[in-house]
Amino acid sequence: MVSITPDELVQYTRIAADRKIRGGDEFTQDILDYFLTGEKISGIELPFEPLKNRFRLRMEEVTLLCGINGSGKSLLAGQFMLKAAEQGYKSLSISLEMSPKSQLARQVRMASLDVEPTMDYMLDFARWTKNKLWFFDQQGSVDMYHLKAVIAYAVDNFGVDFVVIDSLMTLSIKSDDYNAQKDCINTLANLARALGIHILLVTHARKGVSVKDRLDRWSIRGASELADRADNILILGRTFSTDPEESDAYLDLAKARHFDGAECTLDLYLDLASMNYHLLDEEPNKLKMEEKAKVVAIDGKKLEAV
């Protein structure tokens, strides 16, 4: 485990952005790359085939993932992290609600598709996740000063390019302080651009008349600037249907600033064994790990993967 001292964090609390005025002709190569090399549809693929060539979590952008309590926002965010790792992206989870142990226990279940993965698989998973998944080991809350520093530190030292913040309510911001929430989303947007990463911020939905009320981008609890400044908005809602033929949830891509006509709704089903969300015609895939982990005894009793 890597411990960061306060002195080490200080240098990461100020992110400088060098702003210049440049002529349009200076961006010619950038535009050619955008259209001719696939950059237009670059970024982290989500684990749902219909979105593969329609929407991605692109670098230098911020996405909001919104839903009511119990909708599975944290679960889906963890699923996104595994999918990102499969594609070679390094993720940092800043979850003030769940310990790293709890998150990883659920992710190894997602990866193996088993309620109780075997020891061999768990050790292989531990080896596979090394340098791919990182976790901020603190529960409770964190202020924006230290949040910025932790993200910058992880990018600089571990090459992290995908950050999940779970959730807005665990940041040291009052629920009715809309100005602070506006500052928060502006700070995260600036960080994403300055550091060349993608930031996913989990948010909660306003309480409605019923838990079955359909959610939309206007359902996000808090300042309106959250939705205005975010590049993308994903809405996760539960259907609470008792009909086994109907979906368990829906995922609305309610805003996709840089993807023309990408907005859509997916009906999702929850695989209870693995805790993966999936489409009706797409069963969850077991994570493939080619290399095998070595089992080493420490003091004759503790096992760990190397």
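Reply: What follows is a conversation about this predicted model.

Me: What is the average pLDDT of the protein chain?

Reply: The protein chain averages a pLDDT of 89, and 90% of the residues score at least 70.

Me: And where does pLDDT stay under 50?

Reply: That is the case over residues 291–302. The model has 21 contacts beyond four places in sequence for this stretch.

Me: How many helices and strands are there?

Reply: The protein chain has eight helices and eleven strands. Of its 306 residues, 45% are buried. Among contacts with a separation of 6 or more, 69% are between residues 24 or more positions apart.

Me: What is the order of strands in the open sheet?

Reply: The open sheet has nine strands in the order 3-2-4-5-1-6-7-8-9, and the pairing is mixed. Strand 3 (133–135) and strand 9 (276–278) stand at the edges. Each of these two has a single partner strand, so one side of each is left without a neighbour in the sheet. From one strand to the next, the twist averages 25°.

Me: Which helix touches strand 9 as it packs on the sheet?

Reply: Helix 3 (residues 73–86) does, and the strands it touches also include strand 1 (61–67), strand 2 (91–95) and strand 4. The direction of helix 3 makes about 170° with that of strand 4. Helix 7 (residues 178–195) lies across strand 1, strand 4 and strand 5, and runs at about 135° to strand 1.

Me: Staying with strand 2, why is it called largely enclosed?

Reply: Five of the five residues of strand 2 are buried, so the rest of the structure largely encloses this strand. Ser 91, Ser 93 and Ser 95 point one way, while Leu 92 and Ile 94 point the other way. In a regular strand, side chains alternate between the two faces of the sheet.

Me: How many bridges join strand 2 to strand 3?

Reply: Three bridges join them, and the two strands run parallel. Strand 2 also pairs with strand 4 in the parallel sense, over five bridges. Ser 91 has a bridge partner in each neighbour: Leu 133 in strand 3, and Phe 162 in strand 4.

Me: What does Glu 61 touch?

Reply: Glu 61 is in strand 1. Leaving aside residues up to four places away in sequence, Glu 61 touches Ala 192, Arg 193, Ile 197, His 198, Ile 199, Asp 231, Asn 232 and His 258.

Me: Is Glu 61 buried or exposed?

Reply: Glu 61 counts as buried, because its relative accessibility is 2% and the cut-off for buried is under 20%.

Me: Changing topic, how many aromatic pairs are there?

Reply: The structure holds four aromatic pairs. In one of them, the rings of Trp 134 and Phe 158 have their centres 4.0 Å apart and their planes at 10°, so this pair is stacked. Trp 134 lies in strand 3 and Phe 158 in helix 6 (residues 144–158), so the pair ties together parts that are 24 residues apart in sequence.

Me: What about the rings of Tyr 153 and Phe 158?

Reply: Their centres are 5.8 Å apart and their planes are at 75°, so that pair is edge-to-face. Trp 134, Tyr 153 and Phe 158 form one aromatic cluster.

Me: Are Tyr 153 and Phe 158 buried or exposed?

Reply: Tyr 153 is buried, with a relative accessible area of 9%. Phe 158 also counts as buried, at 18% relative accessibility. Trp 134 is buried too.

Me: Which residues of helix 5 are buried?

Reply: In helix 5 (residues 119–129), the buried residues are Tyr 121, Leu 123, Asp 124, Phe 125, Arg 127, Trp 128 and Thr 129. Helix 5 is followed by Asn 131, whose phi is positive, near 65°.

Me: Last topic: how many disulfides does the structure hold?

Reply: The structure holds zero disulfides. As for individual cysteines, Cys 66 is buried, with a relative accessible area of 0%, and Cys 264 is buried, with a relative accessible area of 16%.

Note on methods. Residues are numbered from 1 along each chain as its sequence is written. This is a predicted model: local features need pLDDT of at least 70, side-chain atom pairs count only at pLDDT 80 or more; totals for chains, interfaces and linings use all residues. Side-chain values use heavy atoms; hydrogens and water are left out. pLDDT is the predictor's confidence in each residue, from 0 to 100. Contact means heavy atoms within 4.5 Å. A disulfide is a pair of cysteine sulfur atoms within 2.5 Å. Buried means under 20% relative accessible area, exposed over 50%, partly exposed in between (1.4 Å probe, protein chains only). Two strands pair if DSSP finds at least two bridges between them. Helices (H or I, at least four residues) and strands (E, at least two) are DSSP runs, numbered from the N terminus. Axes are lines fitted to C-alpha atoms, for helices over the stretch in contact, and angles run from 0 to 180 degrees between N-to-C directions. Rings of Phe, Tyr and Trp (its six-membered ring) pair if their centres lie within 6.5 Å; planes under 30 degrees apart count as stacked, over 60 as edge-to-face and the rest as tilted.
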